[in-house]
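Hi everyone, thanks for coming. I'd like to walk you through a pocket and a sheet, so let's get the structure up on the screen.

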Amino acid sequence: MEVEVSQLVFYLLSFVIIISAIYVVTLRNIFHSALFLILTLFAVAGIYIMLNAEFLAAVQVLIYVGAISILIIFAIMLTSQLANKQIRQSNEQVMIGIFICSGFLLASLGSIANTVWRIVEKPLPENNTLTMGKLLMNEFVLPFEIVSIVLLAALIGAVVLARKEGA
Amino acid sequence: MDHTELTKYILEKFPGKIELLDTGKAEPFFKISADFLLDFCRSIHSDEKLFIDFLCNIGAVDTGKKFEVVYSVASVKNHIRFDFKLEQEYEGAEIDSIQEIWAGANWHEREVWELYGINIRNHGNLTRFLLPDDWNQGFPMRKNWDAPDFVRMPEQ
Amino acid sequence: MNEYAAVLIFLFVGIGVVLFTFFLARLVRPSNPYKAKNQNYECAEPPIGSGWIQFNNRFYIFALIFVVFDVEAIFLFPWAVAFGQLGLYALIEMIIFIVILLFGLFYAWKKGVLKWV
Amino acid sequence: MKKLINGIKNLVIGLLTTGKHLGRHAITIQYPTQKWEMPERSRGIVVLLSDKETGELNCTTCLLCEKACPSSAIKIVYEKDEKGKRHLKDFIVDHGLCCFCGLCEEACNFSAIKLATKYEFSTYTKDDLLWHTNKLQEVGRDVPYEKVERKKPEAKPAAPQPTTATPSKPIAEKQSAKTGEAISPAEPEKNPELGEGAKPQEDK
Amino acid sequence: MLQYLALASILFAIGIFGVLTRRNTIGILMSLELMFNAVNINLVTFNKYIGPDNLTGQIFATFVIVVAAAEAVVGLAIVLLLYRNWRGIEVDRINLMKW
Amino acid sequence: MELANIFKYLYQSLANSGLPQVWVDIIALVAAGLIVFGVLAVIALFLVWWERKVSAHIQQRFGPMRTGWHGVLQTIADAIKLIQKEDITPTNVDRPVFYWAPIIAFVAAFLAYIAIPFGKGLIVSDLNIGILFIIAITTFTIISLLMAGWGSNNKYALLGGMRSAAQVVSYEVPMVVSILPIILFAGTLSMVEIVEAQAKIYQWFIFRVPFGPIAFIIYIIAGTAETNRTPFDLPEAEQELVAGFNVEYSGMKFAMFFLAEFVNMFTVCAIATTLFLGGWQGPFLPSWVWFLGKTLVLVFLLMWFRWTYPRLRVDQLMEFSWKFLVPLSFANLIIAGFMKHSKWFNW
Amino acid sequence: MGLIKKVPVYIEKFPGGGILTTSLDYVLSQSRASSLWYLLFGTACCAIELMATGASRYDFDRLGMIFRASPRQSDLIIAAGTITKKMSPRLRLLYDQMSQPRYVIAMGGCTVKGGPFYYDSYSVEKGIDHIVPVDVYIPGCPPRPESLLEGCLTLQKKIKKEKIADWS
Amino acid sequence: MTASKALRTEEFLVNMGPHHPSTHGVCRFLLTMDGEVVIKAVPYIGYLHRALEKICENRTYPQCLPVLDRFEYCTSMSCEYAFCLAVEKLAGIQAPERAEYLRIIMVELNRIASHLIWFGTTALDLGAITPFLYGFREREDILDLFEMTCGQRLTYNYIRIGGVSRDIPSQFIPKAKEFIDKFPSKIDDYVKLLNENPIWVVRNRNVGILPPELALSYGVSGPVLRGSGVKFDLRKDDPYSIYDRFEFDIPTGKYGDCYDRYLVRMAEMLQSTRIVKQALEQLPEGDIKAKVSPQFKPPKGEVYSRIENSRGEMGIYIQSPGDSKKPLRVKMRGGSYNHLQVMPEIVKGGKIADLVAVMASMDIIMPEVDR
């Protein structure tokens, strides 16, 4: 029973993810796309929880929903002629796009099905936040510090790029 | 400067061009001609002894025969105040704008134009502002103005 | 896992409750739309143009900086939880991490980005 | 730093100020149950006064109030008998026009019209604010007033005194020479018990 | 486990489609975010089913999120700059401008 | 007499009724959701009434008096009236966005209560990432405000939505960083464990000088800003933007925003209670009474702020956060780190 | 129209249905009357008295009346002050944009009939009943705060008598 | 496309008013905005244009007074006062001494009442609600005094040509003294609430700076002009009536920003209490009204008379045809007319919140503009 419910939840989440992801890439109204992106990302957070990655799920919501999507919405406000809904949002490559992505899909699904996975039946560490903290401070300390450099670079870059106007 | 001094000074400064009216009981009241308005304003504004830097009021009057435009001016620095007016015929009434001297004249003049129909030269922004935008019933402050829904106070 | 079932169910309960009140209101409330009523409110004047203005969003730059700091914050959480079991080096690492990012903040500050343009 | 401490201090002072008021008692008058005692001079609503003994209207149809009204809210319908005396047929006050200035009360020489200290007259229709004689009289029935009889002002010539003298004349001197002849309708002797600070000019 | 991988590949494919077909630069960025998420799902899935001893996969996913955030920050700043200079953020127009 | 026992008993009897475990859990959770909703609705109605009373007495008035005893039924009357109000959807709005914005606003506020312990054992689900979950889920409020602003197709609403988004975003950083010292000392993200770490009154995090009070002040300031209350109520600044993001909302949709606003205010205070004031801990009285009491004291503080201070301007608001609160909160975190390391106050 | 408009007709056919509808009517109209949120709308002198009524001495909040800046959320326009011909379309628009049920109080002579500006004024609208349907007229120039409160109580009385079935 | 214009996002137009909570009635601004920044603000007025001047032309002189009351309802006493002074100047009437004192007491009390409205609405506009209520609480006390004397709260019709309509009742003086005594402590409360409040200071300091030259050129007067540092007050510099008998100071500002205007008005309230206090002490016995008939016809002439109102110079221009009991023309000049005119100049480049702050600090009241 337990398994069935989690299966059900998984299918629900994947349904939401796939449908809203398709809306993200096809909707004409870019603001609606952004909202569906948020929905997608939120559902992905649900998937993370199903995979016992609670911390990651919270991070997903915090960063994607709380920060990046707002940035995207702000950028939309700033740049698009929102009132003019008739703007064509997709280019002439629709057929090519369908072709390429279905090709990719076939290839990857095939390889997933054909690969023999060595599944290890073992529970994840209990408190994943604590474990991650320890890992970050020990094994991944260099990437961790590099993250700050990356963020600094992004910050400075963004500031330099976006600042220009008034100065 | 008290009133008599002020009157004397102004009369001497603009001999022949300005006329003292014996109408105001308090401050001096002059009458000038319409084409002298700009020069007059400029010189009273720049004159050291007068230094009229403050425009109190512009009011148009419909006396029933003519239009009068009354200017009340004052000096904040010298604490003096006087009025002057000019007359305009009903037909083709037109006066100069004195915005270049006192920027605050803008709305006063607009009001004169809107309510009395006295044209203002070089005003630059003569658009409706007190009356509704679609007003088409003429100049309501004129004495002979009337409109269908205008109810006069019953005579008592 | 089971703990998080609560989130899902609360989500449904929340949406359901709100929709239910909407439905309840629908039963009682009058509805009489007409053109003037459905016009957008703009201080009792007919609105000028569309409300979907595209405007100079000076908040954008703050959002940019926010994203960076938000990302930083998520690294602080595991650190804070694990700090009790770590040593001084963790503190120093974190201080380096924070200082590097604060440097970015001060850079933006000095560049006048934090000031309203 | 000093600025910061100062700022925090002032924010706290602000909180304390509002907090102080939180402890105080409200000054609200709870209207329908408690009522504010209107001062006697309050100008609430126009009523017609009637004689205390006979219950008849004091109004003599002299039309002074109608003339004095700045917004023409008073309409007096009358008919003249053969002697030329006016008889009141209807006294109409339009409270939709009235500006509650009190000029009618001051103009009246017979204590016939008054702005009573009543104010609760909201209505569902506009026409209900058009009060006729009976309503005006009814509402004014219990209004206290001091009956003051005065001369008919029609007899008095409306002579303005455009004194050409300079206004810098000493005030006291000017006032000493007061003439008791002309009666101003704007006399403030309605409430003699209140105006004891200075008795206004005597009525001859 | 396979279902998660399948979901990730579908999401990735949709992302590819978006990148290819969107004219709007912001749309492309959004599609990129979808692809990042697909990758993350894979990482977390592998973590759970293949290497559950440690949380390496989740750590990597976190780093991916960081990179995605940095990409979004810089990318949107570039979008802003594009918009300022060309009054439009449609990719094909920008391509035209290049030549 | 603990309420938690009653709920446990009810759950047990449900579990013994022979239903499959999954259904028992689902029914229990749905019931919990409805109970939480009921509690929140009552709290919000009470807060609205209380706010009106507090404001009235600060201003030497009485506030609502005529609907029930001292107006206690006032907000209920308001709610019933709002149900009867016509729900206008202007022609030009973006309909789905306009419709869903209030729902998301409410649900985001509602979901946070999964992880807030109302008392000992009175928590829907003690998530192991508790506080992080609350912070994450409440970010949906920003989305709802942006949706409301954008969906209304109204310039005032859009400006209000943008303002509130920018404001919430700016104060998110000091808020998050100000609760990090608590996590640092408690060593956990779970709300229940954080409360348990403050068993004695001297263990309350607010009393751990110096980082505790500073973190508390930063948190309260940021929380005030996050809930859009004076002096940070720019998004709905009546004098500037008429009514901000909810200009176009009427009837039940407006009521949802209104409800969400007060629920959010309560959330912020409840989190502050849990993190800084020892949550439900306290002698003699039942735990939930302590929790409610402490939270209401904080709510009163926010109301007091609201009825005392003027409003900041938007750029000053931003600068205050970025130039003052953010550096301060980071400095506070570093101090707390040193304290934790050197075992001061590590009782 | 609310769906429920037709429901009372059916309910009343059942025994006890009458009581049900009356009590429902009672609750609904009581709550409408006790929670009149007024639109912040004042043009002239009466607006000052409107503010004074909201202030501590008279305290509108006692009657459950608070101001809203947006017409969408308000139930009541207190037309305080002179409405000129330039303003009247705006008043109409504001009224239109309010959500139903909505009420109008004409406060002071100017809104009743033009007041002191009835004669000789070329720009004053002579009574706002030409523009919007008015529920309660309050005489006065300006009316005292008590008059306004009394007007609101009069309006409450009127609302309490309303039935859902005859909503328009 | 490389022009500097291209670097800007689009500007948009927003209506602020005629129904807007902060426009104090029915002023309308058409704002050209760039995000939150006001590029251009165009005031549109006339929503309260009630043709007062036209009405006055068809009323006798005493009948004009109720109309004048509605010219500037926050300080109706001043309007009546200005009109009566003008008529008296025209006809050479001298009001009795006691009347002069009573007039000054009333006008100054009314100035306090008006400033209290300003204080309340300013605080409200900047988001502080409680000071608004406090301001109105004190205002009620003043209104009690007025109602006791002349029977109305707002439109008094008290000051008449040649005097005042009624003498003060006996309780007036003790009550007025009580008010005057306790008022400074109330001001103290306001000061504690706002003056040094850092939020208040940053909202007002360096916002809406009005340089004195610009102010004079636009005919700005009263507290706004004094806030810009020009020490000019008609009560002192062009003394009318008996203002030369009282001792009071003219507070002035330094920078001409909103905060200075705020401080000037706060100080003015205290100065007014000083005047009232002195007037109450010196109040002589005697007549309260010179004899003026209701059918009164002033001689032919014209006069412009001005007084210092709480919103600046209030001037009344009257032209009398000489043979009529009705004026030929009454022109009213209110301070707000010029203040509103100068506003677009000083709000440029500010935020929308600054516009609100400037509007509040200018203390614009629409009937004075529209008439």
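So, what's a pocket here: on a 1 Å grid over the protein atoms alone, it's an open set of points with protein on both sides within 12 Å along at least five of seven lines, and lining residues have an atom within 4 Å of a point. Volume is the space filled by probe spheres set on the points, and the probe is 1.4 Å. The second largest pocket comes out at about 1,600 Å³. It has 36 lining residues, and the closest to its centre are D:Leu4, D:Ile8, D:Leu11, F:Phe320 and H:Pro198.

Quick caveat: this is a predicted model, where local features need pLDDT of at least 70 and side-chain atom pairs 80 or more, while totals for linings use all residues. Residues count from 1 along each chain, as its sequence is written, and chains are lettered from A in the order written.

Helices are DSSP runs (H or I, at least four residues), and strands are too (E, at least two). α1(D) gives the largest share of that lining, 9 residues. Among the other elements giving two or more are α13 (314-341) of chain F and α7 (198-204) of chain H. By class, we've got 27 nonpolar, 5 polar and 4 charged residues, with Gly counted as polar.

Now over to chain H, and an open, antiparallel sheet of 3 strands, ordered β6-β7-β8. Strands pair if DSSP finds at least two bridges between them; β6(H) and β7(H) have 9. At the edges sit β6 (301-309) and β8 (329-333), each pairing on one side only.

How values were computed
Side-chain values use heavy atoms; hydrogens and water are left out.
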